[in-house]
Structures are given as structure tokens and as C-alpha cells.
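Subject: Structure handover

Hello,

Here is the structure I promised to pass on. My notes on its packing follow below.

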Amino acid sequence: MALDILDLVIVCVVGLATLAYFTKGTLWAKPKAAKTYGNGTAATPSAGGAKKVKRTRNIVEKMEQSDKNVVVFYGSQTGTAEDYASRLAKEGHARFGLKTMTADLEDYDIEYLDTFPEEKLAIFVLATYGEGEPTDNAVEFYNFVRDESSSFSEGGSADEKPLQKMKYVAFGLGNRTYEHYNAMVRQVDEALTRLGAKRIGEAGEGDDGDGTMEEDFLGWKDGMWEAVAAELGLEEHEALYEPTLQVTEQPTLSVADDTVYVGEPSKHHLSAKHVGPYNAHNPYVAAITTSKELFKTKDRNCLHMEIDLGESGLKYTTGDHIAVWPTNADQEVERFLSVLGLTERRHTVISVTALDSTTKIPLPSPSTYDAIPRYYLEICAPVSRQFLSTLAQFAPTEQAKAALAKLGSDKEYFKSRVADRYCNIAQVMEMVARGHTWSNVPFSLWIENLVHLQPRFYSISSSSLLSPRTISITAVVERKAPMSVSGPDHESMLHGVTTNYLLALKRKQHGDEQPELNGKTYAITGPRNKYDGIHVPVHTRHSNFKLPMDTSKPVIMIGPGTGVAPFRGFVAERAHQASALGKTVGKTVLFYGCRRRDEDFMYEDEWPEYQKALGDSFEMITAFSREDATKKTYVQHLLWEKAEEVDALLKQGAYLYVCGDAAHMARDVQATLVRIFEKCRGLETKKAEDLVKQMRNGAKYQEDVWS
């Protein structure tokens with residue numbers, strides 16, 4: 001009997017379904033999309049480029065797949081530890097022929113380290129964050145190796161020394177002005193040793209507090225490589241640059257193409273309307289609704305800005321931080337492109353691809369020669385002495401090569417000619433080349449060796465209780481002239497990348513269409529004019545710097561200069577709790593300091609309003625360091641003068657907060673508190689210091705400080 005139409009349809013559908021099952025749909029399936037880089041760039045390796053390797057969270061498996069014998073792990077918060085890890089990986093390959101890779105600690109499962117082969121090497125570069133804490137990407141690793149109950153992949157416990165085959169070296173990045181100096185590397189080193197691993201050489205420690213981090217690193221690594229070479233039987237050879245990235249010009253693309261990054265921070269920003277979620281990888285382009293100058297003097301600037309979070313979904317609580325994504329100054333971008341001979345090709349589109357499957361592309365691609373130094377690289381950062389030695393092989397003249405070799409090898413000469421004068425890398429190249437263009441430098445060298453342009457963090461100076469969708473920031477505009485024999489050298493002025501960018505935005509908001517600051521201008525309308533209307537990319541970061549939940553608890557706040565920023569939010573919140581919410585608010589004491597009342601007294605008009613709301617429970621104690629020509633008075637001096645009152649409040653359970661300079665003020669405040677306990681409680685120095693430590697451990701002594 002002939003099939004009717006319905007029967008034919010059913011037969012065809014069944015047939016197609018059967019075919020799909022047995023062929024897995026390959027006959028009509030679309031090709032798989034190219035793997036996208038985290039910032040949204042399609043990674044399409046060229047011939048001879050990286051082979052595709054199956055993604056795995058087992059680092060040993062990853063090393064076997066990619067034929068590596070050294071892994072450099074990093075725990076990094078601001079990018080410095082990641083940069084050092086990259087430099088160690090490159091140097092190990094260039095000098096000793098090691099097959100190296102870098103690895104973000106959060107990308108791998110630590111339990112597989114018990115299978116780490118004895119012929120391979122692990123290097124750990126670990127920054128200490130906050131009060132002795134691991135960086136965000138190292139939290140799981142840190143907790144795992146320190147937890148004695150952790151179980152490794154082959155079932156071994158800590159007592160069975162599961163890492164006895166693993167050889168490692170370690171370097172820590174810390175700040176001596178903090179109590180828990182380099183706690184991360186010290187505790188991880190102790191834990192790895194306890195688990196049976198063998199450390200080669202000394203565990204290095206770099207100190208950002210004294211500004212010696214780079215030299216500490218260089219001094220440590222030379223001895224480390226000697227120890228590693230002896231342990232592994234390595235032979236050193238001449239170190240030449242071998243790229244891990246390939247940069248290719250793309251003549252078929254232009255800046256008008258919507259797939260080309262001309263400064264957009266992530267893939268989400270390529271579309272006409274960027275979308276969330278907004279975070280450290282995808283900032284929100286926020287409107288600056290208000291901006292004003294806080295100082296009354298013309299030679300210094302301090303900005304108050306209010307940033308509208310709009311419908312972004314970003315949230316904060318009082319005491320948190322806001323990250324601002326900056327842009328490099330036009331003049332520094334021009335200098336960088338000019339010295340490389342790229343000015344005429346600045347808008348040429350280039351793609352960046354990895355030549356090795358373990359190499360991460362650190363910025364969006366495709367992009368342009370102009371956009372990369374403007375939005376993605378720290379071209380104004382302090383110069384690495386080690387990098388100058390690498391750069392020397394591309395010098396345009398023998399004289400320039402010799403000059404770079406001397407700068408790279410002579411620590412004191414480098415300090416006087418480069419570091420003390422705040423020179424950036426393009427300025428050094430100008431200085432040694434004397435008009436010659438560095439046209440032989442592979443552009444990949446810059447992407448691989450300069451740190452990615454990092455967001456800058458500021459303590460939020462508003463209360464989330466009063467303004468949950470508007471964030472206030474308070475920032476002094478950084479301009480610093482190096483000292484010469486004849487005084488300040490204003491020709492070599494250091495300009496803070498972000499604060500000067502914010503000052504330009506403030507001036508535009510107040511009517512200056514093309515603001516120029518000491519010869520510096522900025523692309524303040526952003527890529528494709530997406531920041532026009534006074535916008536800036538931001539994200540928020542949680543902080544543990546918090547008021548007590550119990551509003552009746554007394555608080556003592558110490559914040560000179562812009563250290564007062566979070567305390568403006570604290571005091572405003574407690575004033576609102578008392579006056580509008582009817583809560584009982586404990587004694588609120590603020591020690592504030594600045595130079596002169598008539599120059600830089602921040603928020604002078606606001607404190608009386610908070611006084612009205614809080615009444616006698618609010619006390620503001622001010623130190624003006626330059627009003628009395630016979631002596632300088634700082635907050636720690638007034639803290640000592642109020643020793644009995646401070647001690648009485650602490651006995652009542654007061655919380656003590658310090659915000660500002662870590663190197664001097666915060667250290668002096670702690671020393672003063674020890675003296676107060678000695679005087680008011682009759683304690684010996686050691687017991688007074690122990691009491692301060694107890695306060696810290698109990699979150700009764702909190703710091704939000706910076707170098």
C-alpha cells in the first residue's frame with residue numbers, strides 16, 4: 001500500500017534521528033568556535049604556533065602534555081608576582097635551556113603535587129596580601145598545604161611525606177612595614193618542607209616597604225640559579241631572547257572593525273552596550289557625577305569624586321575599596337611609539353598568539369600598536385634592571401648597547417641614572433640611543449616583559465548605608481620631582497598614572513574640553529568615545545576594614561591625609577545611625593592630621609555636621625604639622641597626649657583603626673600604642689607588644705595602609 005504524506009514524514013524523521021545518533025551529528029555540525037582568550041580574543045595559532053592541549057587541572061599531566069620540566073607557580077594580587085614568575089620562566093629557558101611554564105595557582109588542583117616527578121622543578125613566587133593573607137588566587141593552595149588533614153591524589157597524608165619527590169624553590173613578595181612580613185612564603189615553605197618536599201637554595205624575600213623589592217629579587221635569583229644548576233646538573237649558555245608570543249600585522253582589519261580592541265578591557269565592552277556581571281575582569285564604565293578640589297593651595301591637588309554605580313549590580317559596604325582602571329598619558333604613548341619607530345603605524349591592527357600551549361596572552365587581541373601601550377601596558381612603571389640586559393641585544397648602536405649593559409650590571413649606576421630620576425623604559429631608550437630609533441625590537445618583547453596596566457585601588461570615603469549606589473573616593477594627585485644637587489628636578493617629574501588621569505576628568509567636567517596637566521593630556525573619552533560624558537571604568541573589592549556590628553562599641557580612628565577617607569564613611573554612618581535610626585552609638589574618636597588648616601584640611605565643612613548628629617560622643621583631634629614653625633605635630637603625638645583616654649576606651653572594648661602611610665605613620669602609631677600600654681597598664685614592653693598582637697588577632701586593631 002502506498003505511503004501517505006504523514007507516513008513519509010515519520011520515516012524521514014526516524015531515519016535522520018538514526019543517522020544523527022551514529023554519526024554524532026558530524027555530517028552537518030558547524031565547526032567548533034575558536035577558543036576564546038579570557039578577555040575575549042579568538043586564539044587562532046598560526047603555522048608553527050602552539051599545539052592544542054587538552055585542558056586539565058592536574059599540573060603534572062599538563063607538564064607532560066606540553067613537554068615541560070619546570071613550572072613557576074604564582075600567587076599575585078597586583079601583577080608583580082606574576083611578572084616575576086614570567087621573568088624566572090624566561091630566564092630559566094634562555095640561560096639553561098629549561099622547558100618552563102608559568103601557572104596561576106588557582107588553575108590547578110594541588111592534591112596532584114604528590115605525583116610531581118623528582119626530575120622536574122617547581123618554583124613558587126608568592127605575594128603576601130593584607131595582614132599576612134594569601135592573594136585571592138592562592139587561597140585554596142595555601143589552605144590545602146597547611147591543613148594537616150588534606151589528602152593527596154594517591155591517598156597519602158601529611159605524616160607520610162607525600163611530596164618527598166618534589167624539588168622546589170621559593171620567593172616571597174612582602175612589605176616590612178606590615179606585622180606579618182612575607183608570611184605567605186614563610187608559611188608555605190614550612191608546609192612544603194613538612195610534607196617532604198626538598199627546597200633548593202634559600203627562600204628569597206623581597207621588601208616593598210623599603211623600595212628594595214627589585215634588587216632583593218635580583219640578588220636572590222642569581223644565587224638560586226647557581227643552586228638549581230648544581231642540583232640538576234645544568235649547563236649555562238648565552239641567554240638570547242626567544243619569544244613566547246607571536247605578533248602579526250593584520251592588513252585586512254582596521255580600527256573600525258568591531259572585533260578589534262582599541263582599549264576595551266574585555267570582550268563584553270566590544271558590543272555597543274556592555275554587559276555584566278562586573279568584576280575584576282570586566283569593569284563597569286561608571287559616570288562621575290560630582291568632582292571637586294579639596295585643597296585650597298594651587299601647587300597640590302586632592303580630588304573628591306562621586307561615582308554612580310547605576311544599574312551595574314556592583315555593591316560595596318563601608319570600608320571597601322574601589323578599583324579605577326587608568327589610561328596612560330598621550331605624551332608617554334607618543335614617546336614609546338616614537339622611540340620604536342611605530343608612530344606612522346600606530347593604528348595598524350596586530351594579532352597576538354601564543355607559541356606555546358602553556359603561555360597566556362596577557363591582553364586582548366587583535367589590537368593596535370597605539371592601544372596596547374595606551375590601555376594595556378605599564379609603560380610608565382619603574383624600569384627593571386634585569387630587563388635592560390635583555391633589551392641590550394636589540395640596541396640600535398654599539399654605544400647604546402654598551403650603555404644598557406652598564407645600566408643592567410651596575411646597581412649604583414642604574415640607581416643614579418634611572419631609578420632616582422623616575423625614568424620609564426622609553427626615557428631610558430631615548431637617553432642611551434641619542435636620537436636613533438629602536439626599530440629592531442620585536443613587539444612581542446614588550447607584551448611579554450612589561451606588566452599589564454593594573455587598576456589602582458582607593459579606600460571608599462562614603463557610607464553604603466547612606467549612598468549604596470554612589471561611591472566617593474578621596475585621592476591626592478601624585479606629582480613628585482626627583483632631587484638633584486641643585487634641588488628638585490622638575491624636568492623629570494613623576495606623574496601618578498591614575499590620579500592625574502582623574503584630575504583631567506575633573507577638569508573636563510568643570511568646562512575644560514582638553515585639559516592639560518603639566519604637559520600631560522589623556523584620551524579621556526576612552527576607546528571609541530565610550531567614556532565620553534565623564535566616565536571611568538571601575539570595579540569594587542571587599543575589605544575586612546569594618547566598623548563593629550554593635551554600634552554601641554567605641555571606635556578610635558587614626559587617619560592623617562587621605563587616610564581619613566574611610567573614616568569619613570565611618571563617621572557619616574554612625575551619625576546616621578544615631579540621628580536617623582535612633583541607635584545607641586558609642587564614643588567615636590577621630591585623630592586627623594594635615595599640613596595646615598587653611599591649605600589641606602579635608603572635608604572641613606562636614607565634620608561639624610557630624611558633631612551635631614553625634615553630640616558629645618564624637619571627638620575630632622587634629623594635628624597640623626606645619627602651622628608651628630618650632631615643631632611638627634603628627635597624629636601619633638596627639639595619640640600619646642590622649643594616652644589615658646585612649647586606654648580607657650580600649651578597656652571598654654573599643655576598636656582601633658589606622659589608615660594611611662604604612663612605612664612611617666602606621667608604624668609610629670603602633671609604637672605609640674605599645675608605649676600607652678606600658679604607661680597606663682604598667683606592662684613591660686614585650687607584654688605590651690603581645691597585647692597589641694592580641695588586638696590585631698581579635699580584629700580590634702585594623703589597618704588599611706599603603707606604601
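Setting aside neighbours within four places in sequence, Leu-391 is in contact with Leu-404, Ile-425, Met-429, Trp-438, Val-441, Leu-445 and Trp-446. Please note that this is a predicted model.

Leu-391 belongs to the largest nonpolar core, which has 48 residues. It is among those with the most contacts inside that core, along with Phe-336, Leu-340, Trp-438, Phe-443 and Trp-446. Several elements supply at least two residues each, including α7 (330-339), β12 (349-354), α10 (398-409) and α13 (443-449). The largest share comes from α12, with six residues.

There is also a second, separate core of 33 residues. Tyr-142, Ala-158, Leu-195 and Ala-197 are included in it.

Next, Met-184. This residue lies in helix α5 (residues 183-194). Met-184 counts as buried because its relative accessibility is 1%, against a cut-off of under 20%. Beyond neighbours within four places in sequence, its contacts are Leu-126, Ala-127, Thr-128, Pro-134, Ala-138, Phe-141 and Tyr-142. Take Ala-138: 46 residues separate it from Met-184 in sequence, and the C-alpha to C-alpha distance is 9.5 Å.

In soluble globular proteins, nonpolar side chains tend to be buried together. What about the surface? Leu-465, Leu-466 and Leu-581 form a nonpolar patch there, with about 260 Å² of accessible area together. Leu-581 is in the loop between α15 (565-579) and β22 (588-594). Its relative accessible area is 45%, so Leu-581 is partly exposed.

Best wishes

Key. Residues numbered from 1 in each chain as written. Predicted model: local features only at pLDDT ≥ 70, side-chain atom pairs only at ≥ 80, totals over all residues. Heavy atoms only, no water. Patch = residues over 30% accessible without salt bridge, like charges linked within 9 Å, V, L, I, M, F, W, Y side chains within 5 Å. Areas by Shrake-Rupley, 256 points an atom, 1.4 Å probe, with all protein chains shown as cover. Salt bridge = Lys/Arg side-chain N within 4 Å of Asp/Glu carboxyl O. Helix = DSSP H or I, 4+ residues; strand = E, 2+ residues; numbered from the N terminus. Buried < 20%, exposed > 50% of the residue type's maximum accessible area, 1.4 Å probe, protein only. Core = buried A, V, L, I, M, F, W, Y, C linked by side-chain atoms within 4.5 Å. Contact = heavy atoms within 4.5 Å.
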